Amino acid sequence: MLRAGNVVSCMACRNLLPSRVGLKFRVPLQKLHPLSRAIHHHYSTSSNPQRQPHCSAARHYTSLSRLPMRPPKYRSGGNGYQQHRTFWVAHLAARLLKLRYILLGSAVGGGYTAKKTYDEWKDMLPDMSQYTWIVPDFVWELSENFDFDKLVNALPEMEEIAKLLPDMEKIGENFTFLKSLLSSGLGSEVNGASGLRLLLETTGDSALRAPDVPPSSAAMSDSSDKQFKKSSDKEKVDQLQEELLRTQMKYQRMLERLEKENKELRKVVLQKDDKGIHQRKVKKSLIDLYSEVLDILSDYDSNYNTQDHLPRVVVVGDQSSGKTSVLEMIAQARIFPRGSGEMMTRSPVKVTLSEGPHHVAMFKDSTREFDLGKEEDLAALRHEIELRMRKSVKEGQTVSPETISLSVKGPGIQRMVLVDLPGVISTVTTGMASDTKETIFSMSKAYMQNPNAIILCIQDGSVDAERSIVTDLVSQMDPQGKRTIFVLTKVDLAEKNLASPNRIQQIVEGKLFPMKALGYFAVVTGKGSSNESIDSIKDYEEDFFQNSRLLREGMLKAHQVTTKNLSLAVSDCFWKMVRESVEQQADAFKASRFNLETEWKNNYPRLRELDRNELYEKAKNEILDEVISLSQVTPKHWESILQKKLWERVSTHVIENIYLPAAQTTNSGTFNTTVDIKLKQWTDKQLPHKALEVAWETLQEEFARFMAEYKGKDQDDIFDKLKEAVKDESIKRHKWNEKAMDSLRVIQHNALEDRSITDKPQWDAAIQFMEETLQSRLKDTESVISDMVGPDWKQRWLSWTNRTTEQHIRNETKNELERLLKLHEDHTAYLANDEVTTVRKNLEARGVEVDPALIKDTWHQLYRRHFLQKALLHCNLCRRGFYYYQRHFVDSELECNDVVLFWRIQRMLAITANTLRQQLTNTEVRRLEKNVKEVLEDFGEDNEKKVHLITGRRVQLAEELKKVREIQEKLEAFIEALHKEK
């Protein structure tokens, strides 16, 4: 009723208000109504250059939008008081006729405004058709049994409904009082008309404003008007103004009460919807569906470099310009970590805002809900965001392009998706990476170059405008300003510090910066303290703008201030952009899906479309099957390979360090004593370690053998790299049970102390083992000597090869030493110094210069061959020595203690192999299987590792095809829900 919207009332005001006089008074600023929204276009064209263009779709419902009027200036004229006094009868009749039109126009305008307010509130009520499932089916069957016409007739009459309309009697009293003013003279007539004009005028209807008059005309009329003003008229005008303000506040409180009831009703409906989740399939909200599409598309875009043109609100600004504070005001919670001057936003944060019954926040990859009404949950949320930011930043970097996805729900929150980017900096400070500035610029450009992204440009109002960096960046990405919204923060500090507040007006009118924008807003986001609550900040913002001269003097418009209006405007722009672009993006992904499916059919017609995760699960099952196959190895096979490998590992030590030294003794007692001492030392220090190393290597080889054998059974080659990595990592993690070493040492020591050969087959087996070992060593020694002396005469003639100089010297030395061995067959293992001198002089006499070290080295190999040949002859003699062994070689020249030594070694090998086999089958195979499972689990959680190990065009194509299908399905579901909401 208090807003101008009808043509009749406008004409009445226009007829009543002469253009030559005006009234100057101030209206206190009321609380901004949350439904007010508008975007003021400063760069749109208009046929009327004197009138500020505005968005036709903008609606203003707040008392804040009724700005204080600029005082109309008086127009000079030649009429005097005598003329008015002469024609007072005619003037009185004209005034009475005008009063008739005023009453008629006010009645019609009031009725139209009341109907319009009723329709708007009716449209704001929630669509209850979505909750028909709450009502049981039998309720809908009541129409068959009840006469609803009678119920309709029982509804209230129009008289009762009319009580909800504005108090027309009160307004009639105001017009009665206005009538008395009109009869008192020209000055009171003008003042009363101006008061009515204030009552009917709105911010959006600029046609009701009195046109500006030249200052010269006003100056000429001031002197004449002062003569006719009376103190009583001024008092009556003040009373009228106070009455109008009281009426206005009354309806403002009524609107706020209705809005509160509407919010409570929506909250109850949402809570009932939550309680009914178990009864029906969960239905996601529209903004949640859209946010899921953005999350999937973000991952897809980072991997395949596609163009993501879906809308989102990109928040950019200079560092410490108040970006985070603006987002927190829109989200209605202090959810971001804060710092004093340092960079806090180190990676993009995508915030999905939606309406819900409870004020909560949740990360995309977590199920934990943070209650934003509790301070401890808010602190935990801020800490978690800071940890995620620091974790996403790689070593040596300051910022990260990895996006943190967060959703915030609560009553009254506007639905939209915002992305908070790191603040733009001008200088790289100490502790930052050298490329931080360029990284932030490229990251901001990557988000803003999306043609459907809405750019929310944040500018600090407390600093000089010339220091702004972000405005130049935004003007490059959106030169026409078709998708940019400019926000000036810290306006309270700006008004206090600036000598000329007109500079703020130039900023919000787009005249100071070179950039253009879709709309301009001025906000206050607190006093600078991190402990302020959102409610206290809102109150402070409201109080500031109510008392600010920026609004009183018309430098700012009511729809351009407060974060409430900003969030409404941004939300409207966001959904408008979504509706215009989402179907085009869905068509693009539909075409991409067709191309990918065609490529798969042509290249991999017989293979399933398995993505990387599905391929990994398939490879995981194959690897586990191969590990389980280790338990099927027979004990005989384990003991055979363990015994063979262990002897290969320790045979050199047994021959060189035990058998050869002991064989140099002169009698059997000394031989056995030497053998026992050396075996004890070997068992205590080396043998258990060697045995465990052999067992571990055997387990690895068998594991690799089973994996290689399984590979031939229709295995996919794409798993080779993964299996090799799993095998290496499992072996690296596996550690043999150290407790087994102590028990193994005792078993080996007991086995080596036993000298009791019970039967002839064991004796023969020991002789055979000894003979095979000696022959193998003799063959190796012959090979070494052959390499030392070079080819013999037969090889030289047949192969046409010659000896080198060193080989010739070696050969001459060998011949001299062989003559020495023939003279002394029982020679010891080492040459005496005089013998070395004799050999050297003999060689020098034949013209061969030789080094003593070469003589000793050659002697070692020759004596080794000589010893092994003698040992083989002795071994053959001992084949019939079991009888003498049983008699302990009494009254016998044959002594076979070396055969007993090899029997002890052979028995120790068999017992050790059996012990290791039991430990392998009972413990180590299971532990290896456990390690393999752990490695597979770790690899499964590491996406980078999977991407590195499972590669190829086939995998990439399957991954891309899966993502495109998922995105297309999500987009189609979102578009369907969007159409239903329309």
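**Group meeting: a strand, a helix and a glutamate**

Good morning. I shall begin with strand β2 and its partner β6: the two pair in the antiparallel sense over five bridges, with β6 covering residues 416–420. Pairing here requires that DSSP finds at least two bridges between two strands. Strands are DSSP runs of E with at least two residues, helices are runs of H or I with at least four, and both are numbered from the N terminus. Within this pair, Val 349 stands opposite Asp 420 of β6.

A word on the source. This is a predicted model, in which local features need pLDDT of at least 70 and side-chain atom pairs count only at pLDDT 80 or more, while totals for chains, interfaces and linings use all residues. Residues are numbered from 1 along each chain as its sequence is written, and side-chain values use heavy atoms, with hydrogens and water left out.

Strand β2 also has a parallel partner, β5 (residues 404–410), to which seven bridges join it. There, Lys 350 stands opposite Ser 405. Is β2 buried or exposed? Six of its seven residues, 349–355, are buried, so the strand is largely enclosed by the rest of the structure. Buried means under 20% relative accessible area, exposed means over 50%, and partly exposed lies in between, with a 1.4 Å probe and protein chains only.

I turn now to helix α30, residues 833–845. Its 13 residues should span 18 Å at 1.5 Å a residue, and the end C-alpha atoms are 18 Å apart, which agrees. The expected span is 1.5 Å times one less than the number of residues. Val 836, Val 839 and Leu 843 are buried in α30. Seen down the axis, the buried residues fall within an arc of 65°, so they line one face of the helix; the arc is that of the directions from the helix axis to the C-beta atoms. Their cover includes α29 (805–823) and α31 (852–877). On the other side, Asn 833, Asp 834, Lys 841 and Ala 845 are exposed. Just after the helix, Gly 847 takes a positive phi of about 85°.

Leaving aside residues up to four places away in sequence, Glu 656 touches Pro 661, His 860 and Arg 864, where contact means heavy atoms within 4.5 Å. Glu 656 and Arg 864 are 208 residues apart along the chain, yet their C-alpha atoms are separated by 9.7 Å.
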